[in-house]
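Please read the following note beside the sequence and the model.

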Amino acid sequence: MGKREEVRQRTFAEILETAGRMAEAEGWRAVTIRRIAAEIGYSAPVIYQHFPSKDAVLHTLLERVNGELAERMRAAVAGQPAAQGPHLAAAAYLEFARSRPGLYQLMSGAPGTDVDASTRRAAAADVITFTRQLIGAWAAETAPETAAEPARVEDACDLLWGTLHGLACIGSIDDIGFDRALRLADQGVTALLDYWSSATANPEVRQQTTLRQQTSIRTQTTEGEK
């Protein structure tokens with residue numbers, strides 16, 4: 001590698017590191033090309049040689065931070081029983097949100113990030129794929145009927161992801177905290193897995209449950225009208 005290329009790569013990495021550090025300290029609204037340039041002692045045109053806009057900086061960070069999350073989740077479940085995979089990955093997800101709050105906000109579309117939902121989901125493709133594989137492996141070991149229907153795995157992935165995102169959000173609240181969020185995650189994942197391995201795995205059970213719910217709603221509505 002030539003010296004010029006080495007300098008280019010070092011500057012590229014420094015820009016991303018500085019943007020992330022500023023966001024952690026002041027929020028994403030404070031991150032601008034001029035502020036980044038001032039922080040690392042360059043002029044704005046130097047930054048523009050690497051990134052045409054703040055959006056480009058954010059998109060690159062988004063891809064990298066999702067890659068880091070996927071690595072942490074994979075490391076958490078490596079060599080462990082498939083039945084424990086969802087629990088271990090959930091804990092890794094929340095620990096990531098705890099340790100990288102500013103970058104987690106970028107993934108979540110916090111104010112000042114200005115990254116649309118489609119772009120965020122595309123950047124999370126590796127995390128999503130891994131989560132599907134994780135649930136598929138769990139289902140194959142503990143609930144084969146669920147594993148046979150990919151649509152259910154898709155729904156399960158979104159439910160798990162949504163649950164963990166909600167817990168990450170409340171974990172960032174000072175009087176709740178991530179220790180409690182982690183305990184709630186263990187309970188939440190257990191409840192989801194129990195449900196998927198029973199009602200969702202048996203269409204007859206699911207249909208009976210739905211009929212009971214509908215009957216209950218009709219009864220309550222009728223009594224309310226009296």
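Which element gives the largest share of the lining of the largest cavity?

1. The model discussed here is predicted. In answer to the question, α10 supplies the largest share of that lining, with 3 residues.

2. A search of the whole structure finds 1 cavity of 30 Å³ or more. The space in the largest cavity amounts to about 40 Å³. Two or more lining residues are given by each of the elements α8 (125-142) and α10 (150-171).

3. The residues that line the largest cavity are M73, Y93, V127, T131, L160, W161 and L164.

4. Is N66 buried or exposed? The relative accessible area of N66 is 4%; because buried means under 20%, N66 counts as buried.

5. What lies around the side chain of N66 deserves attention as well. A polar atom of this side chain is placed 2.9 Å from the backbone oxygen of L62. When neighbours within four places in sequence are left aside, N66 is in contact with M107, A123, A124 and V127.

6. One residue links the two topics. V127 is in contact with N66, and V127 is also one of the residues lining the largest cavity.

Methods. Residues numbered from 1 in each chain as written. Predicted model: local features only at pLDDT ≥ 70, side-chain atom pairs only at ≥ 80, totals over all residues. Heavy atoms only, no water. Buried < 20%, exposed > 50% of the residue type's maximum accessible area, 1.4 Å probe, protein only. Polar contact = N/O pair within 3.5 Å; in protein donor to acceptor, adjacent residues only side chain to side chain. Contact = heavy atoms within 4.5 Å. 1 Å grid on protein atoms, 1.4 Å probe; cavity = no way out; pocket = protein on both sides within 12 Å on 5 of 7 lines; lining within 4 Å. Points joined across faces, edges and corners; volume = space filled by probe spheres on them. Helix = DSSP H or I, 4+ residues; strand = E, 2+ residues; numbered from the N terminus.
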